[in-house]
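Here is a short briefing on one protein structure. Look at the model first, then work through the points by topic.

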Amino acid sequence: MTTFNFCAGPAMLPTAVMQQAQQEFINWQQQGCSVMEISHRSKPFIKVAAEAEQDLRDLLNIPANYKVLFMHGGGRGQFSAVPLNLFNANANAGKTNADYVISGAWSKAAVEEGHKYGKLNVLDIRHKTAEGLRSITAPEQWQLNSNAAFVHCCPNETVDGIEFTGLPQTDAPIVADLSSTILSRPIDVSRYGVIYAGAQKNIGPSGLTLAIVREDLLPVANAAIPAVLDYRLAAENDSMFNTPPTFAWYLAGLVFKWLKQQGGVTEMATRNQIKASLLYDYIDKSDFYSNDVAKNYRSWMNVPFFLADERLNDMFVEQAQIHGLLALKGHRMVGGMRASIYNAMPVEGVQTLVSFMQEFERVNG
C-alpha cells in the first residue's frame with residue numbers, strides 16, 4: 001500500500017530526494033562520512049550551498065540585486081527579523097510605522113510579534129460573504145499608509161485555507177510570508193522587497209528558513225538587531241556567520257534540483273492546479289463534505305473541508321490512516337479536515353484521497 005502524507009508541515013518530501021539522501025547518508029560524495037558531519041566551511045559543502053542558491057535563483061528568476069539568505073528560526077523568527085531589519089534599512093530612513101495585513105492565523109501571529117518593534121497600521125481584511133463563506137478584501141482595495149516602511153502580508157494562510165495572488169499598488173516594499181506557497185507557481189520576485197519562507201512545506205525539512213531580500217533593504221549596522229536575525233550580517237557572510245542547518249540546506253538543494261528536473265515552477269503550477277481542482281470539484285459536488293472558503297480565495301496548497309456529520313470525524317481520520325492517507329485532521333483552530341497538497345504530493349495522492357472520500361460517503365452518508 002502506498003502512503004500519502006497530507007501533513008501541513010513538516011510536509012512530505014519528493015520520494016526521489018529522500019532516496020538519494022538515504023543512499024548518501026553515511027558516505028556522501030565518497031567523503032567517508034555524512035554531509036551532516038563535515039564543516040560548513042569546507043569546499044565540498046560550500047559547493048553544495050552555492051549550487052542550492054543558484055538553483056533557487058534559476059527557479060524563481062531572482063534578480064541580481066536580491067540577496068538569498070539561508071537562515072535559522074522558521075517563519076516565527078522572521079516575524080521578528082522583518083521589523084528589526086526593515087525599520088533600520090537605509091531605504092526606510094525616518095519611517096517608523098508599517099502596514100500589517102491580517103488574512104488568517106499566521107499573519108495575525110506576525111502582527112502580535114511586530115508590535116514589539118514599531119508602530120503598526122493593522123488591516124484585518126477577513127470577512128464573510130453574503131453566503132456565509134470565509135473571504136478577504138481584494139489587495140487593490142486595501143487602505144494602506146502612504147508613508148509605511150513596508151507592507152507585510154501572508155498570501156497563503158496554511159491554517160485557514162485562504163490564498164490571494166494579487167498584490168496591492170504601493171510604493172512601500174512588500175514583505176511576504178510565502179512559507180506554504182513558495183515554488184508552487186511562478187512569481188515576479190521584483191515586486192517584493194522581502195520574501196521569506198520556512199522550509200518545511202515546499203523546500204525541505206524544518207530548521208531552515210529562506211529570506212530573499214532586496215539589497216537596499218539590508219539594515220545599517222545596528223547593535224540592537226540580534227546577529228542571528230541580521231540580514232546584513234547573513235549577506236556579508238554567505239549565510240554562515242554561525243553554523244547553518246547544514247543537513248536541511250543540503251536537502252533543500254536536492255529539492256531544488258528535483259524541481260528543475262520536473263520542469264520548474266511552471267510545471268509545478270500546472271500540477272498544483274490539477275490537484276486542487278480535483279479535490280475542490282469533488283467536495284463541491286458532495287452534500288457529505290463542504291469547504292467554507294469563497295472560491296476566489298481558495299488555497300491551492302491547503303484544503304480544509306468538513307463532514308456534514310462531525311460525529312464521524314474521528315472515524316474518517318482513523319480509516320483514512322488505515323488506507324495510507326496520513327495527517328488529514330484539521331488544525332485545532334478550524335476543526336474538520338485539512339489536506340495539504342504541496343509540490344511533493346503527486347496527483348495520484350489526491351486521486352486516492354478522493355476515492356477514499358467517495359467510499360466513506362457511500363458507506364456513512
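The model is predicted.

**The seven-stranded sheet**

- An open sheet is formed by seven strands, in the order E2-E12-E11-E10-E7-E3-E4, and its pairing is mixed.
- The edges are taken by E2 and strand E4 (119-124); each has a single partner strand, so one side of each has no neighbour in the sheet.
- On average, neighbouring strands of this sheet are turned by 15° against each other, direction ignored.
- E2 and E12 run antiparallel and are joined by six bridges.
- Within this pairing, Val68 is opposite Ile212 in E12.
- Helix H2 lies across E2 and E12, and runs at about 125° to E2.
- As background, strands of a sheet pair through backbone hydrogen bonds, and they do so either parallel or antiparallel.

**Helix H6**

- Does the length of helix H6 (residues 246-262) agree or disagree with what its residue count predicts? At 1.5 Å a residue, its 17 residues should span 24 Å, and the end C-alpha atoms are 25 Å apart, which agrees.
- H6 is mostly covered, since 12 of its 17 residues are buried.
- Among the buried residues of H6 are Trp249, Tyr250, Leu251, Phe256 and Trp258.
- The cover over the buried residues of H6 includes helix H1 (15-24), helix H2 (43-60), strand E2 (66-71), strand E12 (209-214) and helix H7 (264-285).
- Gly263 follows H6 and has a positive phi, near 120°.

**Strands E14 and E16**

- Strand E14 (residues 302-307) and E16 run antiparallel, with four bridges joining them.
- Val303 has Ala339 in E16 as its bridge partner.
- In strand E16 (residues 337-340), Met337 and Ala339 point one way, while Arg338 and Ser340 point the other way.
- Met337, Arg338, Ala339 and Ser340 are all buried.

**Aromatic rings**

- How many aromatic pairs does the structure hold? The structure holds 19 aromatic pairs.
- In one of them, the ring centres of Phe25 and Phe247 are 6.1 Å apart and the planes are at 85°; an angle over 60 degrees counts as edge-to-face, so this pair is edge-to-face.
- This pair links distant parts of the chain, with Phe25 in the loop between H1 and H2 and Phe247 in helix H6, 222 residues apart.
- Phe25 is partly exposed at a relative accessible area of 39%, and Phe247 is also partly exposed, at 22% relative accessibility.
- The rings of Tyr289 and Phe305 form another pair, with centres 6.0 Å apart and planes at 75°, so this pair is edge-to-face.
- Tyr289 is in strand E13 (residues 289-290) and Phe305 is in strand E14, so the pair ties together parts that are 16 residues apart in sequence.

Terms used. Residues are numbered from 1 along each chain as its sequence is written. This is a predicted model: local features need pLDDT of at least 70, side-chain atom pairs count only at pLDDT 80 or more; totals for chains, interfaces and linings use all residues. Side-chain values use heavy atoms; hydrogens and water are left out. Buried means under 20% relative accessible area, exposed over 50%, partly exposed in between (1.4 Å probe, protein chains only). Helices (H or I, at least four residues) and strands (E, at least two) are DSSP runs, numbered from the N terminus. Two strands pair if DSSP finds at least two bridges between them. The expected span of a helix is 1.5 Å times one less than its number of residues. Contact means heavy atoms within 4.5 Å. Rings of Phe, Tyr and Trp (its six-membered ring) pair if their centres lie within 6.5 Å; planes under 30 degrees apart count as stacked, over 60 as edge-to-face and the rest as tilted. Axes are lines fitted to C-alpha atoms, for helices over the stretch in contact, and angles run from 0 to 180 degrees between N-to-C directions.
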